[in-house]
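Please keep the sequence and the model in view while reading.

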Amino acid sequence: MQKGDLVRALSGLPIPDIRFFETIGSTNDEGMAWAEAGAADGSLVVAEQQTKGRGRLGRSWVTNPDAALAFTLILRPTQAEMEHIGLFSPLAGLAVCLVLQGMGLPAEIKWPNDVLLARQKTCGILAESTWHGGQLQGVVVGVGINVAPSSIPPAEQLQFPATCVEDALGQPVDRAALLRDILAEFFAWREKLAAPEFFQAWEERLAFKGEVVELKNTENETVTGVLTGVDEQGNLRIHLTGGGVKLVSAGDVGLRPKKNFEGSGR
Ligand code: BTN
């Protein structure tokens with residue numbers, strides 16, 4: 001992908017500025033630095049390769065050259081959005097899921113925001129925020145998508161089975177057009193952030209809904225029960241096997257179906 005293709009593909013979207021890199025450490029690091037230096041809402045960092053890509057929970061994220069999408073969107077939340085900044089990463093997951101479903105693919109959201117294709121991870125999202133004197137300055141939403149087969153890390157580096165968009169589709173994918181479609185969905189659904197339709201759209205696409213899952217939280221405690229949906233804070237609702245309902249916040253780790261407890265999150 002050339003920067004020119006990207007600029008053309010993204011014209012018409014509310015993106016005031018784009019920084020494009022053939023190789024970078026992490027687009028999120030660049031996005032955080034740019035946000036601190038005053039980047040406007042909607043500014044975008046895109047890289048063809050990351051050498052220090054970061055994932056959730058301190059994990060690394062591999063972005064091999066010319067095979068994936070790795071981008072970070074910088075947001076300056078409005079006053080109304082300030083209440084819901086934790087929903088920006090599910091918003092990005094929803095946007096990716098909707099676009100993949102629109103291509104006829106069996107995409108689902110593994111709460112809180114990973115996107116699966118046929119139950120294998122295809123997209124990971126890392127949202128981070130910058131603060132100044134206790135005041136929120138900006139949120140960066142970093143999205144990594146496995147597009148071509150060479151984007152999938154070797155199995156021994158994976159904690160959850162992974163796939164890519166081209167393997168699911170059976171044909172090559174135009175990455176600039178895919179990015180355009182995802183960002184268009186993101187901006188459209190941003191208008192409905194935290195509205196009932198937003199939670200409904202997210203919940204409808206949740207992987208493992210109605211199935212027994214196990215969740216390990218940061219204290220390594222295991223919660224087992226039927227995954228039934230999300231509440232209006234974005235917490236996952238689990239009907240516990242022993243009775244009662246447990247709400248789990250997104251800081252907790254390691255959601256997986258109980259019947260397939262081999263893998264863990266990439
Ligand atoms: C995860 O599943 O753990 C989240 C992975 C997030 C990866 C993306 S790739 C673009 C952006 N830059 C980073 O360093 N990380 C995110």
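Which element gives the most to the lining of the largest pocket? Strand E6 does, with five residues. The model is predicted, so local features need pLDDT of at least 70 and side-chain atom pairs count only at pLDDT 80 or more, while totals for chains, interfaces and linings use all residues. Residues are numbered from 1 along each chain as its sequence is written, and side-chain values use heavy atoms, with hydrogens and water left out.

**The largest pocket**

- A pocket is an open set of points on a 1 Å grid over the protein atoms alone where a 1.4 Å probe fits, with protein on both sides within 12 Å along at least five of seven lines; its lining residues have an atom within 4 Å of a point.
- The largest pocket holds about 310 Å³ of space, a volume being the space filled by probe spheres set on the points.
- Of its 22 lining residues, Ile 85, Gly 86, Ser 89, Ala 127 and Ala 250 are the closest to the centre.
- Helix H4 and strand E6 (120-132) each supply at least two residues of this lining.
- The lining comprises 12 nonpolar, eight polar and two charged residues; Asp, Glu, Lys and Arg count as charged, Ala, Val, Leu, Ile, Met, Phe, Trp, Tyr, Cys and Pro as nonpolar, and the others, Gly among them, as polar.

**Helix H4**

- Helices (H or I, at least four residues) and strands (E, at least two) are DSSP runs, numbered from the N terminus.
- In H4, 13 of the 15 residues are buried, that is, under 20% relative accessible area with a 1.4 Å probe, protein chains only.
- Gly 104, which follows H4, has a positive phi near 90°.

**Aromatic rings**

- The structure holds four aromatic pairs, in which ring centres of Phe, Tyr or Trp (its six-membered ring) lie within 6.5 Å; planes under 30 degrees apart count as stacked, over 60 as edge-to-face and the rest as tilted.
- Phe 186 and Phe 187 form an edge-to-face pair, 5.8 Å centre to centre with 85° between the planes, and both residues are buried.
- Phe 198 and Trp 202 have ring centres 6.0 Å apart and planes at 50°, so this pair is tilted.
- Both Phe 198 and Trp 202 lie in helix H7 (residues 196-204), four residues apart.

Terms used: Buried < 20%, exposed > 50% of the residue type's maximum accessible area, 1.4 Å probe, protein only.
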